[in-house]
Amino acid sequence: MTTQGPADHPFELIQTPTSQLRQSPVTLADTMWLTYSEPNQFHRCASEMACVHNMMLRGLNSIYLQAPYIKAQDEKSFLHYSACFYQLVHVHHDGEEKMLFPLIEEMSGEKGIMQHNVEQHHTFDEGLEKYIKYIRDCLDGKEAYQGSNLIAIVDEFGQNLADHLHEEIMTILGLEKYRDKMKSLEETFEKFANKDTAQLPPAGTLSWGFFNHDRGYENGLWKNWPPAPAPVVFMVRYVLFWVHSDWWQFASCDKYGKLRERLFT
Ligand SMILES: [Fe+2]
């Protein structure tokens, strides 16, 4: 792990294949029999996916670590911040199941090659629904917020989710065995990313993602990620940030994508 910060535990971050390749060009799991000097499209797609998954992991860590210390006046802001995590995971996995995975299976010509990943989604679906129900009930005043309750719910699904987020990266790398059949993989990933992004409220969950991306991760390898046009990055940092700035005080990174040395609480 190259990042040392308050949001890299308890759920471990993913080392991207691109960064692994730079350190040791021949040690990538399913591709050990090949030597690379530059990332190919499988490394690039798997690394992009790892960056998205790391947003989720940093965000979940920030929620887990701060949940017990939320002051009464900050509860609503924290609950809204925590709800964004659910929405990102939900939209992302829904998009994978309905669009990305079926397209990958179609390209490969083999049915069921992504099924293992879908089955993994079911290992934490119930826990995630319980998580958002608790948050909504607290926001609606049906429940009194208790950090220990939120943590107990995350304990039910967090590790299964984290394991899945790690393992999916290996599945994507493994697609290399389909070679030419996968020649439009990168294009497919781009369409999937655009569809996902369009479903996220810009001043809400989309911003949440930006503020949980550490631009210094892996020695700055991802400093220009996500690949959003400069005006969009400007909008997020200088305009959208202020719409819910009380939510973003809990984020793992500041509005410039710099990992915070200490979390808010
Ligand atoms: Fe994913």
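Mentor: Keep in mind that this is a predicted model. Start with helix H3, which bends by about 50 degrees at Glu-96.

Trainee: How far apart are the end C-alpha atoms of H3?
Mentor: They are 47 Å apart. At 1.5 Å a residue, its 34 residues should span 50 Å, so the two values agree.

Trainee: What comes just after H3?
Mentor: Gly-109 does, and its phi is positive, about 80 degrees.

Trainee: New topic. Which residues touch the most other members of the largest nonpolar core?
Mentor: Ala-46, Met-56 and Ile-172 do, in a core of 62 residues. Several helices give two or more residues to this core, including H2 (41–66), H3 (75–108) and H5 (147–174).

Trainee: Which element gives the largest share?
Mentor: H2, with twelve residues.

Trainee: And what is Ile-172 in contact with, leaving aside its neighbours within four places in sequence?
Mentor: Phe-42, Cys-45, Ala-46 and Met-49.

Trainee: Now Tyr-131. Where is that residue found?
Mentor: In helix H4.

Trainee: Is Tyr-131 buried or exposed?
Mentor: Buried, because 24 other C-beta atoms lie within 10 Å, and the cut-off for buried is 20 or more.

Trainee: Which residues is Tyr-131 in contact with, sequence neighbours within four places aside?
Mentor: Tyr-86, Ile-153 and Val-154.

Technical notes: Residues are numbered from 1 along each chain as its sequence is written. This is a predicted model: local features need pLDDT of at least 70, side-chain atom pairs count only at pLDDT 80 or more; totals for chains, interfaces and linings use all residues. A nonpolar core is a set of buried Ala, Val, Leu, Ile, Met, Phe, Trp, Tyr and Cys residues joined through C-beta atoms within 7 Å. A residue is buried if 20 or more other C-beta atoms lie within 10 Å of its own, exposed if 12 or fewer, and partly exposed in between; C-beta atoms are placed from the backbone. Helices (H or I, at least four residues) and strands (E, at least two) are DSSP runs, numbered from the N terminus. Two residues are in contact if their C-beta atoms, placed from the backbone, lie within 7 Å. The expected span of a helix is 1.5 Å times one less than its number of residues. The bend at a residue is the angle between axes fitted to the seven residues ending there and the seven starting there.
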